[in-house]
Amino acid sequence: MLKALPVYQYYAQQPDNGYRYFYSTDKNVEQGWTLDDNYNDAIAFYAFKYHFPGTVPVYQYYYQQKDGIRYFYSTDRNVEACWNLDESYQNGIAFYVCDRSIPGTEPIYQYYYQQKSGDFRHFYSKDCNVNHGWKLDKEYKNGIAFYAF
């Protein structure tokens, strides 16, 4: 049986008192990010660090804005033009997830928050009812980014 690893949720505060999020299987990441231990002991979900049969990569994309870098995660190799594959981070692959819903997995929902500037932040959660200004991104795969444990 393959062992899934925790995917940790990190945040960085924005000048408008909002937050931007970063996800990693690494417990220690670069400065400027705070481990979100108020959220489920900082564990957003469980995934795999390496490719195994039946798994697909989740690519990490970034977009540089005036107030910091935003991250976006997708199983799609090519996404909208404004997002750049973060090849400096594990060759652009954040982690691996099951290629479909299987027993034991849960949907990981993708949310967005639109700032006054028009820019977006993304947040990922097992919770299908996140509030506080976050909107379920139903236009992107009906709001389900991928399936994880």
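I count a contact when heavy atoms lie within 4.5 Å. With that cut-off, I listed what Phe 146 touches, leaving out residues up to four places away in sequence: Phe 45, Val 58, Thr 75, Phe 95, Val 97, Glu 106, Pro 107 and Ile 108.

**Ground rules**

This is a predicted model, so I kept in mind that local features need pLDDT of at least 70 and side-chain atom pairs count only at pLDDT 80 or more, while totals for chains, interfaces and linings use all residues. Residues are numbered from 1 along each chain as its sequence is written, and side-chain values use heavy atoms, with hydrogens and water left out.

**Core**

Next I looked up the nonpolar core, meaning a set of buried Ala, Val, Leu, Ile, Met, Phe, Trp, Tyr and Cys residues joined through side-chain atoms within 4.5 Å. For burial I used relative accessible area: under 20% is buried, over 50% is exposed, and partly exposed is in between (1.4 Å probe, protein chains only). The largest core has 40 residues, and the members that touch the most others are Tyr 23, Phe 45, Tyr 73, Phe 95 and Phe 146. Strands here are DSSP runs of E, at least two residues long, and helices are runs of H or I with at least four; both are numbered from the N terminus.

**Rings**

I paired rings of Phe, Tyr and Trp (its six-membered ring) if their centres lie within 6.5 Å; planes under 30 degrees apart are stacked, over 60 edge-to-face, and the rest tilted. The structure holds 27 aromatic pairs. One of them is Phe 22 with Tyr 89, edge-to-face, at 5.7 Å centre to centre and 75° between the planes. Phe 22 sits in strand 2 and Tyr 89 in the loop between strand 7 (84-85) and strand 8 (93-98), so this pair links distant parts of the chain, 67 residues apart. Both Phe 22 and Tyr 89 are buried.

Then I turned to Trp 33 and Tyr 71, whose ring centres are 5.8 Å apart with planes at 55°, so I noted the pair as tilted. Trp 33 is in the loop between strand 2 and strand 3, Tyr 71 in strand 6 (residues 68-74), and 38 residues separate them. Trp 33 is buried at 12% relative accessibility, and Tyr 71 is buried at 7%.

Ring pairs also join Tyr 23, Phe 45, Tyr 73, Phe 95, Tyr 124 and Phe 146 into a cluster.

**Salt bridges**

My criterion was a side-chain nitrogen of Lys or Arg within 4 Å of a carboxyl oxygen of Asp or Glu. How many salt bridges does the structure hold? I found 4.

- Asp 26 pairs with Lys 49, the closest N and O atoms being 3.0 Å apart. Asp 26 is in the loop between strand 2 (19-24) and strand 3 (34-35) and Lys 49 in the loop between strand 4 (43-47) and strand 5 (55-65), so the pair ties together parts 23 residues apart in sequence. Asp 26 is partly exposed at 25%, and Lys 49 is partly exposed at 24%.
- Glu 106 pairs with Lys 126 at 3.2 Å between the closest N and O atoms. Glu 106 belongs to strand 9 (residues 106-114) and Lys 126 to the loop between strand 10 (120-125) and strand 11 (135-136), so parts 20 residues apart in sequence are tied together. Glu 106 is partly exposed at 33%, as is Lys 126 at 28%.
- Asp 99 meets Arg 100 at 2.7 Å, N to O. Asp 99 is partly exposed, with 41% relative accessibility.

**Arg 20**

Is Arg 20 buried or exposed? Arg 20 is buried, with a relative accessible area of 15%, and its place is in strand 2. Its side chain reaches the backbone oxygen of Ile 69 at 2.9 Å. I took a polar contact as N or O atoms within 3.5 Å; within protein, one must be able to donate a hydrogen and the other to accept it, and residues adjacent in sequence count only if both atoms are side-chain atoms. Beyond four places in sequence, the residues Arg 20 touches include Tyr 10, Trp 33, Asp 67, Ile 69 and Arg 121.

**Backbone**

Most residues other than glycine have a negative phi. I therefore noted Gln 90, not a glycine, with a positive phi of about 50°, partly exposed at 30%. Asn 91 has a positive phi too, near 55°, and is exposed at 64%. Gln 90 is found in the loop between strand 7 and strand 8, and Asn 91 lies in that loop as well.
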